[in-house]
Amino acid sequence: MSERTTARDEILGRIRAALDGVEAGYDVPPAPRIAPLADVVAHFAERVADYRAVVERCSAADLADRVAAALPGGARVVVPPGLGVEVPGATVDDGLSAAELDGYDAVVTEARVGIAETGTIVLDHGPGQGRRAITLVPDLHVCVVRADQVVADVPDALPLLDPGRPHTWISGPSATSDIELDRVEGVHGPRTLVVLLVQ
Amino acid sequence: MSGMRVALMVTCINDAIYPDTGRAVVTLLRRLGVEVDFPPAQTCCAQPMVNTGYLDEAVPVVRTFVDAFAGYDAVVTPSGSCAGSARHQHSIVARRSGDAGLVTAVSELAPRVHELSEFLVDVLGVTDVGAYYPHTVTYHPTCHSLRMLGVGDRPRQLLDHVRGLTLVELPKAEECCGFGGTFAVKNADTSIAMGTDKARHVRETGAEVVVAGDNSCLTHIGGVLSRQRAGVRTVHLAEILAATE
Amino acid sequence: MSGTFVGMPKFPVAARAALGDAQLRHNLAHATATIRAKRQRLVDEVNANCDWEALRLAGAGVKESALRSLDEHLVRLEETLTANGATVHWARDAAEANAIVATVARRHGVDEVVKVKSMVTQEIGLNEALAAEGIAAWETDLAELIVQLGDDLPSHILVPAIHRNRAEIREIFLAEMGRAGRPAPAGLTDEPRVLAAAARAHLREKFLRAKVAVSGANFAVAETGTLVVVESEGNGRMCLTLPEVLVSVVGIEKVVSTWDQLDPMLRLLPRSSTGERMNPYTSTWSGVTPGDGPQEVHVVLLDNGRTNALADEVGRQALRCIRCSACLNVCPVYERVGGHAYGSVYPGPIGAILNPLLKGVGQDKQTDSLPYASSLCGACFEVCPVRIDIPSVLVDLRAQVVDAHRGGVPSAEALAFKGAAVALSDARKLGLGERLAGPGLRLARRAGVIPGLSRWASARDLPPGPRESFRAWWKRTDGGRDE
């Protein structure tokens, strides 16, 4: 018997012994929902801004201009394959190494879902969002969220996500409160998050 | 309340050290038309044993408790902590005893045990007990009445109706005073640190009197205040409610 | 202080030392008050458009239901993880888990790994075990970095350097960063923003070159083979994304049944923990994703005493814990003595129950002292997002400690309680004792100190003794009718 089998069987055996006589069935009470929001998209914008992210609302026609305006002049920009907006001069990621990504100042992506109550953007790293690394290493993340992608709360978002994919839930720029509980925005992830909310 | 048999569970600490609190409960309830019995077989709720881990030692004490109060419709006690012990811990001790009769007796008695403010507000339905107490008072909600029993604002409702009384808010009122039974000696340094902070908050209010529903907590708070010669008295809620012009 | 908890003194002794440290008490009071207020604001906000108590009940239910058929959930998790391309390992104890991680690291020929903040890898002493194999384990969470560089011990689950203030952190960075890699910049100030920037620069070179990362997990979803890490700084994402190899050490109690059950957990955890509606970053991954992130993924399922806790009828609920640390922040004992006094990576109220449950009682005095490190005020239970009734578990563990010491020579305390049991079982005997209480107290007050009461009387006066017990008054006056 291999080491692994021994440990596995022993742990499972201990669990079964520990639970001997304990009823297995347990009804999980349903998690309560929040009261309906008057304006889900406005709520989302407000809550994202609460994290000191930049939130701008725009029309689809204005999007390319607003993306360009969000990027500082001369910024080296990386974008994922399949991005639905034109970013002139940007490099399309084709498997850049971490060190190469470190040479970029900004990244522009789309998202999968926006969660209004918590001000959260969820990426599932599909087309238009790209590999996890590209939204992590550059210091500025410009994220395009369509109004019809915004849901009210966490329980509305989970069923829309495919658990087989990796996900990154983003709620404002990276932050720490490790020094005297004093919040500092921007540690390792992008220090600036710009959300373009497209009507 | 006619025909209701009510027993006073005075608690061991009040019996031995704070008899005035027990007398105040008798005076107060008599004024409200409730004649209480004092079953003389009562001793202690066994909380000191249970909370220190001596369950076997708690068994005969809980048995004595159950025997003393059997047959009463209501048991009223001027202690949130002792009421909590009877309501929430006696079942543990009874299970430990392996005596099915004790388990049943405890489960029948436990819901009939009321802390004083619960008894007044919930059972008697009064918040104005006709008291007069012309002093500035601050109220410390004790942990077990607050979090184990959930007495909520009942003591506040009662104090609000006391004529002459000025109630001042205690900063960080809901924080533990640091008594904690044997915690006060097993972890004396931490207990004293907590008690010192509580005493500081009491002094900050400028109140003449700090009131609570538990004399064990007041022994601790009062012990610190006395050592500091703070000039603030500790008085049990029952004694304020019993006071008249 | 060196970076291990082994051989710590009993809680009261460690607490006394901590209470004497004015700076520590100031840091703790400030930090816990801040975080308590943040949490409370959010709980109030939830109650304005939802129901926090119902959310807690749901959270407790998700974890409880997973625990009650833990064997089935773990077997399922192993299947789904394996199907997703991960390699699943099982470890009975710390040594086995450490050996598994070391073997993976050695196979890739690395002499360093980067780490996501993880309680479980601290519990098993992974960094020390890897160091013994010549492998450096770099902590990348800012607070863990402060602790590691300072050769210190964590004192809080969420903010392990809560006992350090900004000036101390600046000194640690200036003195130690250069020895571990990129030095702190000249002119480093003690502004949190500047200190965080120094950490960013120091750690970035480590992230970019690391081949192997080690993480824990906040949740493991059995149905889908998904691990979840909740974090703030982005160091977690760096470790989970950039290296080629990822090893996650996961306590067996981290499992939840389904993907959808991440709600309510993801609504409860950040609000209870950092006092935020949502933490900045949450990563989920299900084994290997071709072309994205680590292409070799290991998961180590760890027991290390969890099955002991599971076997404890009352204590089992402690395995619901999601390590939010809300109980630490509201605990009046923790606020005054800090985390080190608990002698474990799990401090505070949850540590006072989890350590004895994992290790068992009756074996060492330090562990046996933990269930007594509480005034039983109940504030911890009130805030726990998964409704762990910590006071009841504490009381039960105290009974287990006492029971473990029955049979030998009884202690003075045991004799006192045996005596009390006799006196309190018979009101006639009690009445006799009470006649001595009044004079006894009056004597003690006059004499100042009497043996056994010295610990009480060091800072607290005794109450005056009454002339007459209540019982005697009742008898003398017929319940006041003859007065």
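**Close-up views of a predicted model**

Figure 1. Setting aside neighbours within four places in sequence, A:T109 is in contact with A:P80, A:L83, A:L123, A:G128, A:Q129, A:I134, A:T135, A:H141, A:V142, A:C143 and A:V144. A:T109 belongs to strand β4 (residues 106-110) of chain A. Its relative accessible area is 0%, so A:T109 is buried.

Figure 2. Buried residues in α4(C) are C:L70, C:D71, C:H73, C:L74, C:L77, C:E78, C:T80 and C:L81.

**Figure 3. The largest nonpolar core, with 194 residues.** C:F173 and C:I353 have the most contacts inside this core. The element that gives the most to the core is helix α4 (residues 55-69) of chain B, with nine residues. A second core is separate and has 39 residues, among them B:L29, B:L116, B:V235 and B:A243.

**Figure 4. Contacts of C:F173.** Neighbours within four places in sequence are left aside here. Beyond them, C:F173 is in contact with C:L142, C:L145, C:I146, C:L149, C:A184, C:L188, C:L195, C:A198 and C:A199.

**Figure 5. The largest cavity, about 700 Å³ in volume.** Eight cavities of 30 Å³ or more are counted in the model. The largest is lined by 42 residues. Closest to its centre are C:K117, C:L158, C:N218, C:V230 and C:E231. By class, the lining holds 18 nonpolar, twelve polar and twelve charged residues.

**Figure 6. Elements that line the largest cavity.** Chain A supplies at least two lining residues from β10 (175-176). In chain C, α2 (22-49), α6 (119-123), β6 (226-231), α11 (235-241), β7 (245-251) and α12 (262-273) each supply at least two.

**Figure 7. How the chains meet.** Two pairs of chains touch, and chains A and C have the most contacts between them. Chain A and chain B do not touch. Their nearest C-alpha atoms are 17 Å apart.

Definitions and conventions:
Residues numbered from 1 in each chain as written. Chains lettered and ligands numbered in written order. Predicted model: local features only at pLDDT ≥ 70, side-chain atom pairs only at ≥ 80, totals over all residues. Heavy atoms only, no water. Core = buried A, V, L, I, M, F, W, Y, C linked by side-chain atoms within 4.5 Å. Buried < 20%, exposed > 50% of the residue type's maximum accessible area, 1.4 Å probe, protein only. Helix = DSSP H or I, 4+ residues; strand = E, 2+ residues; numbered from the N terminus. Contact = heavy atoms within 4.5 Å. 1 Å grid on protein atoms, 1.4 Å probe; cavity = no way out; pocket = protein on both sides within 12 Å on 5 of 7 lines; lining within 4 Å. Points joined across faces, edges and corners; volume = space filled by probe spheres on them. Nonpolar A, V, L, I, M, F, W, Y, C, P; charged D, E, K, R; others polar.
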